[in-house]
Amino acid sequence: MTDALEQVIAETQSRFQKDPATAATTFASQSRLQQGLCSKAAMRQHELLVDEPEALGGADQGPNPVELILAALGTCQEITCRAYATAMGVALDGVSVTLEGDNDLQGFFGVNDAVRPGYQRIRGTVVLDSPASEADLQRLREAVNARCPVLDILSKSGSVELDLQVEPPPEIAAL
């Protein structure tokens, strides 16, 4: 698998260097509230249920959105680590990430407007299983943190635009 991954990385880098316009891509997600606080999300051919724990009014049919943020960060670190270890020739037998996010629910529930509704702090540990030197692992860590898309999304401000569309009542829509 490492050889195939190396080839994909090298070919992709070469293609993007020759024609930077081919690097532009758009990822998409669609979701719809199902019942209670449970939503079904679809991305490409994948679906998952997103729900709140019972303590927050949900039926606990899946992870909640803020847990998915942690999973997105952890898995993106792992994927980026594997890709860059392969590209840099750093031996890597395994990688795992453990994350925790501190969230004061006063913000979400509108109890205290001075409290952010999102994470106040995310902390975690990336564990590398590798025989590589300390210097190589440090270079890998720097490359991963500089290139991990989800870390970039979470740590730097970016543009998010959410338009509102109101669907007409069913009896009007049927006309």
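What you have open is a predicted model, where local features need pLDDT of at least 70, side-chain atom pairs count only at pLDDT 80 or more, and totals for chains, interfaces and linings use all residues. Residues are numbered from 1 along each chain as its sequence is written, and side-chain values use heavy atoms, with hydrogens and water left out.

Now trace the chain from its start. The order along the sequence is α-β-β-β-α-β-β-α-α-α. The protein chain is more spread out than a compact globule, because its radius of gyration is 20 Å, well over the 16 Å that the globule rule gives for 175 residues. (That radius is taken over C-alpha atoms, and the rule is 2.2 Å times the number of residues to the power 0.38.)

Zoom out next. Along the principal axes, the C-alpha atoms fill a box of roughly 60 × 40 × 30 Å. Of the 175 residues, 19% are buried, meaning under 20% relative accessible area with a 1.4 Å probe, protein chains only; over 50% is exposed, and in between is partly exposed.

Last stop: select Asn64, in the loop between β3 (46-50) and α2 (65-88). Is Asn64 buried or exposed? Asn64 is buried, with a relative accessible area of 7%. Show what surrounds Asn64: beyond its neighbours within four places in sequence, Asn64 is in contact (heavy atoms within 4.5 Å) with Val50, Asp51, Glu52 and Pro53.

Note on methods. Helix = DSSP H or I, 4+ residues; strand = E, 2+ residues; numbered from the N terminus.
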